[in-house]
Amino acid sequence: HEREHEREVSELAAKHQEEMEKLRAELKEEQRHLLEELQQQMAATHKAEQEQAQLQSQTLHTLELEALRLTLTNLHTSQLELSQSNLRKEKETALVELREMLNAKRAQEVALLQSRHQLERDRLREQGLRDREDL
């Protein structure tokens with residue numbers, strides 16, 4: 001039972017690791033996609049602002065571009081923090097569920113072992129009584 005328990009724990013850990021890797025890959029892909037979108041948005045905005053800069057002073061253009069960069073950086077940072085927070089919450093939930101499952105499994109195994117131990121004591125007690133009666 002100990003080996004079976006260890007095997008089950010190992011399988012659960014492997015599944016958990018696979019799920020975490022999958023989540024990380026999905027998060028990385030989402031981040032890459034968001035970064036591409038942000039880069040496209042920044043490129044489009046930059047081009048539009050360059051055309052507008054012909055009519056405005058260079059100082060105004062620089063200030064607008066810096067404000068846009070900060071906004072996009074803050075947006076990107078917020079999205080990353082939210083994604084990381086969600087991943088942490090999912091990981092914590094998965095770990096709690098795994099811990100609960102393992103505790104329940106262990107309790108079942110302990111109860112089974114106690115039951116077997118009691119049956120073996122009863123059998124030995126009865127065998128002892130029979131041996132004494134035979135003498």
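At 38% relative accessibility, Arg 32 is classed as partly exposed, a category lying between buried (under 20% relative accessible area) and exposed (over 50%), with a 1.4 Å probe and protein chains only. The model is predicted, so that local features require pLDDT of at least 70 and side-chain atom pairs pLDDT 80 or more, whereas totals for chains, interfaces and linings use all residues. Residues are numbered from 1 along each chain as its sequence is written, and side-chain values use heavy atoms, without hydrogens and water.

Arg 32 forms a salt bridge with Glu 29, with 2.3 Å between the closest N and O atoms; a salt bridge is a side-chain nitrogen of Lys or Arg within 4 Å of a carboxyl oxygen of Asp or Glu. Glu 29 is likewise partly exposed, at 41%. A second pair, Arg 24 and Glu 21, has its closest N and O atoms 3.1 Å apart. In total, 8 salt bridges are counted. In helix H2, Arg 125 forms a salt bridge with Asp 122 at 3.1 Å. Shared partners also join Glu 29, Arg 32 and Glu 36 into one network.

The largest pocket is lined by His 1, Glu 2, His 5, Arg 106, Glu 109, Val 110, Leu 112 and Leu 113. A pocket is an open set of points on a 1 Å grid over the protein atoms alone where a 1.4 Å probe fits, with protein on both sides within 12 Å along at least five of seven lines; lining residues have an atom within 4 Å of a point. H2 gives the largest share of this lining, 5 residues.

Key
Helix = DSSP H or I, 4+ residues; strand = E, 2+ residues; numbered from the N terminus.
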